[in-house]
Amino acid sequence: MLTSTPIIKLLTEELQNTHNLYLVRQTLQIISQEELISGLLDHNPRKQLNIPPEYFQDKVSDGDLDEFKFKQNDSAGDSKIDRNGKLLISGTGKDFLFNYFQLPGHGNKFWMLLDDLIRLVDDEHLDQNGFTNKYKQQILPIKATENEINFLKQNSLLDINFQGDDVKLVTTRSAYISFGAQLISQGTRILDDYWETLAKQQNFTTHHRVFKYSNKLIELIKQLKPQAFENHRKVEDTSEAGIESETFAFDIPYTIVTEQSSKEIREEYGKNFSQGQHIDAVIPGQSISGSLEFSAQFKVPKYHSKNSFLQATQIKGLDTPIGEHDYNKNDTAHTTSSLTGDSAQGTLETKHVNRMLSNIMGSNTGKEVEDKSILHTGNKPISSSLNIKGWKFDSLPVGNQAQLEKHDHSIRGLSYFEKEKLLKRLNYLTPNQIKETEHCHDCLFVNVGLQRVRKIRDTRWIKYWQYKNGLPMGLLNEENQIKYIKEKYLPEMLQHEEVTTTPNELTNTDEIKITKRVANANLFGHSNIKSFKPPYA
C-alpha cells in the first residue's frame, strides 16, 4: 500500500520545449553524418539497440505479476532507475517524456499508459494488442479497473470524457529497461540507456540519433540548415500502396571539426611536426575555422583625407588645433584644400575601409548564427557634419540620449559620443594628435575584434573537446550537463583499456599492446584561452 498521497507527474510544456531545443541542437551537429542520423528524421533511427533474446524470461516470475524480470541486468543501468521505476538520472531537464503516476493499492510503483509508450516508440502504428505481441517478453500490460480509470480521469491522466474500460498500464521500470533513452527528455544514447554496456558493445556512441522527429521540428531544422536538405531525392516505394517516401543525402556546407581518417597520414604528420617540419594534411584540432589574416583584416582607421597632413605641413600647423587652421594664408594649400575639403566630402563619406573580421569565416554560405552576430563590426557613417576642413570623423559613433545615459559602447568598442560636444572637442585636436588617435583607436578595434573571435574559438574548442571524447556536442554548462558528464562518464572512459594481441612469428610469442587514454589539461576543459580581455587591461 502507499504510505502517502500518490505521486503524479505530468509532462510539462517547458520540459517538452527544452527537449525539442536539444533535438534541434544535436541534429545540426550530426546532420551531415548518415551513420549517426540513421535514416529518415520522421522515423525512429534504423540502428536500434538489440537486446539478445537470451536476456528475456519466458514467463512472469512468481510473486510479481506486473512486469517481466530479465535474466540479465546491467549494473550501470540499475544506477539510473530504482526498483519502483523512479528515474535516478541526474541533470537539468532529465525526466520521462510522458505522464507517470502511482496508483492506490499498488505500493510505490510508478506506472504509465500503454498508449503513451506506443506513441513514443512505435513506427508501425500498431494497436495495443499488436504492440504487446511485438514486445511480448518485455512489456506486460495490466488492465485498469473502473476505480483506477476514475482516478486517472480525476488527475488529468485520462480525458474526462473518455468512455470505455480498455485502459492498459505498464510499469515505468519495464518500459525504461526495454527502450532506455527513447523515453527520456534530452535522452542520449549510452548515457541514458539502461543497457549501457550492451550499447557500447554494439558500437553506439553518444552522438547517435535516438528519437523520431515531428514534422514541425523537421521544418525548423530545414530553415536553420537548408543546405543540408538540398541534395535530397524521392524514392518510389515498391509496396502495393505505391507511397512516395523521401530519403535525404545530408550535406553540411561547413564543419566545426574536420577529421583525418587515415592513421598513416596522422602518424606522418606527428613525425614531421615533432621535427619542426610541415605537411599539408588535415589533422584533428588543426582545422577549427576562425583564423585571422591581420594584414588583410586590420587596417588603421583614417580620420584624414588624402592631403590633410600635407596641407597642415605647408601652413606649419601640425601642432595647431585644426579648428584654427587658415588655408587662405597659402595659395597652394588653398588650391589643394578646395580639392579635398567640402567638395570632396560627398565621396569621402561613402568611401569606407573594409574593416577587419568581415570575411573571417571564408566564402561559405552557411555561416553559423553565432558568427554572424559576433563578427558583424561594420560602422555606418553618422554624418558628414563631423568632418572639419578635410579631416573626416564621420565614422565616430554618435549616440542617442538613451545610449549616452547607459554609457553604451559601439560594436567596435568606442563609447558613444554626444554630437555637439564631440564636434567642439574635435576642433581642438592637432594633426599630430589625430595621427596618435588613429593608432589608439586601431588598437582598441583590434582588441575588441580579437576577443570576439577568441570567444568563437573557445566555443568551438569546447565542441571539439566534446567530439573527441565521444560526448554529445553542445552540452550546456549552465544546466550542469558538463559537470554530470565529468563526474559520471569521464572516470569510466579514462579507466577503459583496449588490449590488442599480435602474433610475432620471429619470436614465436604474442605481443600485447594496451591502449589507455591519458588525461591532459584540455581533457578537463582547461584550454589556453583564459579570458576575453587583452593582457594589459
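This is a guided tour of the structure, one selection at a time.

**Before you click**

You're looking at a predicted model, in which local features need pLDDT of at least 70, side-chain atom pairs count only at pLDDT 80 or more, and totals for chains, interfaces and linings use all residues. Residues are numbered from 1 along each chain as its sequence is written, and side-chain values use heavy atoms, with hydrogens and water left out.

**Stop 1: the whole protein**

Show everything as a cartoon. The protein has 20 helices and 9 strands; these are DSSP runs, numbered from the N terminus, with helices being H or I of at least four residues and strands being E of at least two. Of its 537 residues, 43% count as buried (buried is under 20% relative accessible area, exposed over 50%, partly exposed in between, with a 1.4 Å probe and protein chains only). Contacts here mean heavy atoms within 4.5 Å. Among contacts with a separation of 6 or more, 68% come from residues 24 or more positions apart.

**Stop 2: the open sheet**

Now pick out β1 to β5. These 5 strands make an open sheet, in the order β1-β2-β3-β5-β4, with antiparallel pairing (two strands pair if DSSP finds at least two bridges between them). Which strands stand at the edges? They are β1 (8–9) and β4 (142–143); each has a single partner strand, so one side of each has no neighbour in the sheet.

Zoom in on β1. It is joined by 2 bridges to β2 (residues 100–102), and the two run antiparallel. Select Lys9 and you'll find Tyr100 of β2 opposite.

Just after α6, look at Ser156, which takes a positive phi of about 60 degrees.

**Stop 3: the nonpolar cores**

A nonpolar core is a set of buried Ala, Val, Leu, Ile, Met, Phe, Trp, Tyr and Cys residues joined through side-chain atoms within 4.5 Å. Which residues of the largest core touch the most other members? Select Phe96, Leu117, Leu183 and Trp195, out of 59 residues in that core. Helix α4 supplies the largest share, 5 residues.

Stay on Phe96, which is buried at 1% relative accessibility. Leaving aside neighbours within four places in sequence, its contacts include Leu11, Ile81, Tyr176 and Leu183. Elsewhere there is a second, separate core of 17 residues, including Tyr303 and Trp391.

**Stop 4: rings**

Rings of Phe, Tyr and Trp (its six-membered ring) pair if their centres lie within 6.5 Å; planes under 30 degrees apart count as stacked, over 60 as edge-to-face and the rest as tilted. The count comes to 14 aromatic pairs. Phe96 and Tyr100 are edge-to-face, 5.1 Å centre to centre with 80 degrees between the planes. Phe98 and Tyr100 have centres 6.2 Å apart and planes at 75 degrees, so that pair is edge-to-face as well. Tyr100 is buried at 9% relative accessibility, and Phe98 at 1%.

For a cluster linked by ring pairs, select Tyr55, Phe56, Phe70, Tyr176, Tyr194 and Trp195.

**Stop 5: a loop residue**

Go to Asp66, in the loop between α2 (34–37) and α3 (75–78). Is Asp66 buried or exposed? At 14% relative accessibility, Asp66 counts as buried. Pro141 is 75 residues away in sequence, yet the two C-alpha atoms are 7.4 Å apart.

**Stop 6: the hairpin**

Finish with β8 (residues 497–504) and β9, which run antiparallel and are joined by 8 bridges. They form a hairpin with 4 residues between them, and Asn508 in the turn has a positive phi of about 55 degrees. Val499 stands opposite Ile514 in β9. Of the 8 residues of β9 (residues 509–516), 0 are buried, so this strand lies largely in the open.
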